[in-house]
Amino acid sequence: MKKKLFNKIFEEKSVAVCMVVLLALSLIMPIYVGLFNYASGDDLLYGAILRNGLRHGEPIGVLAKRVLDDVVSEYNSFQGTWASQILWRLEPSIFGEKAYVITIFLSLGILITGIGYLINVVVVRFLGYSKWIGVLTASLMLLFNIQFMPFFRGGLYWYTGMVQYTFAYGVSMFSIGWSILYILTAKKRYLIGDMLTLAYLGGAGFPAIVQGGMIIFFITVWSFLAGDGKEKKRSLMLIIPLTLLAIGFGLSALAPGNSVRGGEDYGLSVGRIIDVFVYSFRDGIRYSFDYIKSIRPLFLLPLLLFAFSFSAQGAKRIKIRDAIVSILLGFSVVCMVHSPEIFAGSTVAAGFSGGVYDIYFYVFVMWFAFLGLIIGNVVRSWGQSTKKMNNQTKINNMAQHFRKYVVIFTVAFVVVFWRFLIGNSLDYLCYNYISSGALSDFEQQMQERLLILEDDTIKDAVVPEMNDQQGPLMHMPLTSDSSQYTNYATGLFYEKESVVAVSREEWNQSH
């Protein structure tokens with residue numbers, strides 16, 4: 001009885017449930033910190049039109065035209081990501097300062113639902129693994145994506161950066177899932193969903209365009225070459241959403257503002273295209289090794305999924321040829337998501353948002369997870385095909401024992417070395433931010449600042465300076481220069497003639 005109970009601990013359901021609980025617990029502190037989040041910098045610049053229009057009671061039609069005019073102006077003068085630009089002007093604090101706390105729920109929500117949906121489609125419905133292996137895979141991916149993304153501020157807490165990268169990545173997960181389901185079921189709702197999401201992605205962040213476009217293109221070609229007659233016809237229908245993606249991307253890429261932001265060297269040439277391919281693969285390989293080296297527990301992701309894939313019964317067997325092709329194509333996506341940054345080069349005004357590096361990491365984590373699943377599947381298939389291992393019971397027993405040992409090793413490794421594993425995690429950053437009292441100080445100072453900024457009788461606002469290092473939160477500092485970008489954006493949002501910040505000492509003396 002005790003032995004059966006002990007073995008039950010290592011079953012798919014038990015481990016998957018434990019991972020869900022661990023994931024849920026890991027989100028407590030990040031969500032708590034997110035409840036004290038405020039708009040900053042770009043948020044204020046983009047939100048000013050709607051915020052002030054709503055305050056003055058302007059009709060919806062007038063507001064819509066003002067937003068459209070502002071998007072067109074930026075399209076012509078700075079950048080072409082038209083879909084993101086529309087969403088940026090809907091930043092939450094236009095409805096009130098505390099409404100901005102919804103940002104953490106939007107970012108976590110799109111990651112959880114997007115990754116969860118795609119894993120259910122691919123791992124459970126397409127490959128035939130149990131729902132618990134699907135839950136385990138999604139939970140592990142989410143745990144690593146959320147806890148170890150390179151730029152927490154832009155990935156989770158800063159609305160502008162989150163929309164451009166994390167939100168676009170989550171939407172691409174649905175697009176990929178709907179593409180697969182349309183091939184499998186021929187249901188038009190999946191094709192319509194694909195058309196809508198890919199049309200949106202065409203105007204979103206470029207790395208998400210590359211990731212979603214490449215994967216759906218591979219799905220289309222694979223289904224046409226390897227599918228039956230009906231699947232071949234359905235695969236051709238995916239050309240429609242891919243065309244919408246290309247049109248949306250074309251609108252973004254051809255925006256006059258791109259040449260303004262990209263500088264004099266911005267443009268297309270044969271040499272530049274070759275450089276993009278070469279240096280994208282260079283960076284993809286380099287970043288991959290850096291992730292494995294710097295994120296110490298990351299190797300556990302493919303190891304655990306290998307063990308559970310190897311021990312899984314009833315899943316579709318993957319041929320070695322298909323496995324190799326899938327792994328290579330997947331890694332090409334890992335590399336090519338770097339291509340927009342390589343193409344833009346170092347001439348881009350305002351540099352690159354940290355959210356770019358988050359999506360690089362998201363794509364690698366997905367590939368790394370599927371690497372473990374695919375290799376585990378192939379090893380089991382190989383074992384079943386060899387003469388010495390053709391006994392199904394023998395293979396199952398060996399695989400279950402291996403799974404148990406991997407789970408025990410994982411738990412022991414984390415328990416013994418946990419101090420060395422969490423140093424660059426989001427939870428560790430949030431814990432230090434909360435326990436040090438810095439979060440409490442930030443909230444107190446923001447409330448002090450908002451009393452001044454929201455006072456309509458003050459036209460030339462003077463506020464005390466604040467530290468821009470606020471844990472995982474994005475806080476673009478105000479300075480003594482009223483023409484500085486953040487000062488200008490803040491003044492625009494709160495309808496001030498000028499906004500400046502002075503030292504705390506100077507503030508205390510005058511107040």
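Predicted model: local features only at pLDDT ≥ 70, side-chain atom pairs only at ≥ 80, totals over all residues.

Biologist: What's the angle between H12 and H20, and how far apart are their axes?

Modeller: The angle is about 25°, and the axes of H12 and H20 are 10 Å apart. Angles under 35 degrees count as roughly parallel, so H12 and H20 are roughly parallel to each other.

Biologist: Is the crossing of H12 and H20 left-handed or right-handed?

Modeller: H12 crosses H20 in a right-handed way.

Biologist: Which residues of H20 does H8 meet?

Modeller: H8 is the helix at residues 131-148. Its Ile-133, Thr-137, Met-141, Phe-144, Asn-145 and Phe-148 touch Phe-361, Tyr-362, Val-365, Met-366, Ala-369 and Leu-373 of H20. That contact of H8 with H20 has ten nonpolar residues, two polar and no charged.

Biologist: And the geometry of H8 and H20?

Modeller: H8 and H20 pack at about 150°, with axes 10 Å apart. The crossing of H8 and H20 is right-handed.

Biologist: Back to H12. How do its axis and that of H13 cross?

Modeller: H13 covers residues 229-237, and its axis comes within 7 Å of the H12 axis, crossing at roughly 155°. That makes H12 roughly antiparallel to H13. On the H12 side the contact uses Thr-220, Ser-223, Phe-224 and Leu-225, and on the H13 side Glu-231, Lys-232, Ser-235 and Leu-236.

Biologist: How do the residues in the contact of H12 with H13 divide up?

Modeller: Three are nonpolar, three are polar and two are charged in the contact of H12 with H13. The crossing of H12 and H13 is left-handed.

Biologist: Nice. New topic: what volume does the second largest pocket have?

Modeller: The second largest pocket has a volume of about 1,300 Å³. It is lined by 38 residues, and Val-122, Phe-126, Ile-219, Trp-222 and Ser-326 are the closest to its centre.

Biologist: Which elements give two or more residues to that lining?

Modeller: For the second largest pocket they are H7 (102-126), H10 (159-185), H12 (206-226), H18 (320-336) and H20 (355-385). H18 gives the largest share of the lining, ten residues.

Biologist: How many cavities of 30 Å³ or more does the structure hold?

Modeller: One. The volume of the largest cavity is about 120 Å³. Of the 16 residues lining the largest cavity, Ala-39, Leu-44, Met-446, Arg-449 and Thr-490 are the closest to its centre.

Biologist: Which helices each supply at least two residues of the lining of the largest cavity?

Modeller: H23 (438-453) and H24 (485-494) do. The largest share of the largest cavity's lining comes from H23, with four residues.

Biologist: And how do the residues of the lining of the largest cavity divide?

Modeller: The lining of the largest cavity has nine nonpolar, five polar and two charged residues.

Definitions and conventions. Residues numbered from 1 in each chain as written. Heavy atoms only, no water. 1 Å grid on protein atoms, 1.4 Å probe; cavity = no way out; pocket = protein on both sides within 12 Å on 5 of 7 lines; lining within 4 Å. Points joined across faces, edges and corners; volume = space filled by probe spheres on them. Axes fitted to C-alpha atoms, helices over the stretch in contact; angles between N-to-C directions. Parallel < 35°, antiparallel > 145°, perpendicular 65-115°, else oblique. Left-handed = near helix turned anticlockwise from the far one by under 90°. Nonpolar A, V, L, I, M, F, W, Y, C, P; charged D, E, K, R; others polar. Contact = heavy atoms within 4.5 Å.
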